[in-house]
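My plan was to look things up one by one and write down what I found.

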Amino acid sequence: MLMDDKAFATDSFSLKVIAIVGMTANHFGHAFYAQLPFVARCILIGMGGLTFPIMAYQISVGYQYTRDVKKYALRLFVFALVSLVPFIWVLGNKLNVIFTLLLGLLVVWADDKLQGSAQKRFVFFIVLTSAVVITHWCDWSYIGVPMILLYHRGRDQNWRVYLPIALVWYMGFASLVELLSSDYISQIWQYYIPNLLYCFVGATATIPLLRAYNGQQGRPMKYFFYVYYPLHITVIGILRGLLFSIWG
């Protein structure tokens with residue numbers, strides 16, 4: 001356990017439910033960004049910050065307990081492909097987050113297998129660098145794989161739930177600096193605020209949730225996320241198409 005005295009405890013099931021709620025809110029906020037009022041965009045997109053840290057953490061936990069890493073990776077790959085078209089159709093021209101999770105899983109596997117000699121660590125460095133470069137074309141981009149690796153390496157350490165979030169804060173501070181240095185801050189601040197809330201509020205809120213993780217699975221949820229991910233994006237896309245056709 002990561003905490004001795006928990007006011008509450010979370011298991012894998014409850015963490016995944018929270019991640020799914022945040023993901024759905026975030027995707028809805030992005031899909032209807034132009035039609036939503038500013039406050040609604042802030043709430044929905046800000047909630048999305050809960051999702052990836054929890055999913056990245058669960059990849060490290062799943063790797064720790066899986067009996068077959070190859071089957072785990074294959075399952076991620078299949079559902080990443082299934083989700084490819086809906087994601088691009090609704091949310092943008094890039095690879096979905098399941099590809100990022102898959103690359104993170106491969107990196108933590110390589111980290112364990114390529115221990116020992118300097119030659120093995122060099123090969124691991126090449127694997128890690130290649131994975132990070134590939135995520136340039138993926139959701140969560142460059143920091144996704146390092147976050148998963150940090151969750152994996154920090155197993156049973158108190159800093160495990162803090163250091164990966166520091167990468168999100170770095171991303172948020174970079175956006176804040178970009179905003180404050182702009183000559184058009186009065187016109188563009190409203191486009192930055194939802195993403196700043198995503199980084200500094202949504203993602204930060206995962207710290208107490210992950211510190212309260214009790215190491216238990218809870219209700220089984222093996223395939224629900226994989227099915228829900230492409231399904232909810234498709235539903236959002238259909239809903240957007242129907243509403244736009246009605247509104248003209």
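**Entry 1: a charged pair**

I began with Lys-94 and Asp-139, whose side chains meet in a salt bridge at 3.7 Å, N to O. The model I am reading is a predicted one. I then asked where the two partners lie. Lys-94 is in the loop between helix 5 (84-91) and helix 6, and Asp-139 is in the loop between helix 7 (118-134) and helix 8 (141-153). They are 45 residues apart in sequence, so the pair ties those parts together.

Next I checked accessibility. Lys-94 is partly exposed, at 33% relative accessibility. Asp-139 has a relative accessible area of 17%. The limit for buried is under 20%, so Asp-139 counts as buried.

**Entry 2: the other salt bridges**

How many salt bridges are there? I count three.

Asp-111 meets Arg-121 in a salt bridge, with 2.9 Å from N to O. This pair links distant parts of the chain, with Asp-111 in helix 6 and Arg-121 in helix 7, ten residues apart. I noted Asp-111 as buried, with 3% relative accessible area. Arg-121 is partly exposed, at 24%.

Arg-153 also forms a salt bridge with Asp-111, and here too I read 2.9 Å, N to O. Arg-153 is in helix 8 and Asp-111 in helix 6, and the two are 42 residues apart. Arg-153 is partly exposed, with a relative accessible area of 44%. Through shared partners, the salt bridges join Asp-111, Arg-121 and Arg-153 into one network.

**Entry 3: helix 6**

Asp-111 sits in helix 6, which made me look at that helix next. Helix 6 covers residues 97-113, which is 17 residues. At 1.5 Å a residue, I would expect a span of 24 Å. The C-alpha atoms at its ends are 24 Å apart, which agrees.

Is helix 6 enclosed or open? I found 13 of its 17 residues buried, so the rest of the structure largely encloses it.

I also looked at how the helix starts. Asn-96 caps the N-terminal end of helix 6. A side-chain oxygen of Asn-96 lies 3.0 Å from the backbone nitrogen of Ile-98.

**Entry 4: aromatic rings**

I searched the whole structure for aromatic pairs and got twelve. One of them is Tyr-57 with Tyr-213. Their ring centres are 5.6 Å apart and their planes stand at 85°, so I put the pair down as edge-to-face. The pair links distant parts of the chain, 156 residues apart. Tyr-57 is in helix 3 (residues 51-65), while Tyr-213 is in the loop between helix 11 (206-211) and helix 12 (224-247). Tyr-57 is buried, at 1% relative accessibility. Tyr-213 is buried too, at 8%.

Then I took Phe-224 and Tyr-228. This pair is stacked, with 5.6 Å from centre to centre and 20° between the planes. What separates the two along helix 12? They are four residues apart, which is about one helical turn. An α-helix has 3.6 residues a turn, so residues three or four places apart point the same way. Phe-224 is partly exposed, with a relative accessible area of 43%.

I also noted a cluster. Ring pairs link Phe-79, Phe-225, Tyr-226 and Tyr-229.

One charge over a ring went into the notes as well. Arg-41 lies over the face of Tyr-33, at 4.6 Å from the ring centre.

**Entry 5: cysteines**

How many disulfides does the whole structure hold? My search found zero. I wanted to know why, so I checked the sulfur distances for two cysteines.

For Cys-138, the closest cysteine sulfur is in Cys-199, at 18 Å, which is too far for a bond. For Cys-199, the closest is in Cys-42, at 13 Å, also too far for a bond. A disulfide needs the sulfur atoms within 2.5 Å. Cys-138 is buried, at 3% relative accessibility. Cys-199 is buried as well, at 4%.

**Last entry: what I keep**

I keep the network of Asp-111, Arg-121 and Arg-153. I keep the largely enclosed helix 6. I keep the twelve aromatic pairs and the zero disulfides.

Notes:
Residues are numbered from 1 along each chain as its sequence is written. This is a predicted model: local features need pLDDT of at least 70, side-chain atom pairs count only at pLDDT 80 or more; totals for chains, interfaces and linings use all residues. Side-chain values use heavy atoms; hydrogens and water are left out. The expected span of a helix is 1.5 Å times one less than its number of residues. Buried means under 20% relative accessible area, exposed over 50%, partly exposed in between (1.4 Å probe, protein chains only). A polar contact is a pair of N or O atoms within 3.5 Å; within protein, one must be able to donate a hydrogen and the other to accept it, and residues adjacent in sequence count only if both atoms are side-chain atoms. Rings of Phe, Tyr and Trp (its six-membered ring) pair if their centres lie within 6.5 Å; planes under 30 degrees apart count as stacked, over 60 as edge-to-face and the rest as tilted. A charge sits over a ring if NZ of Lys or CZ of Arg is within 6 Å of the ring centre and within 35 degrees of the ring normal. A salt bridge is a side-chain nitrogen of Lys or Arg within 4 Å of a carboxyl oxygen of Asp or Glu.
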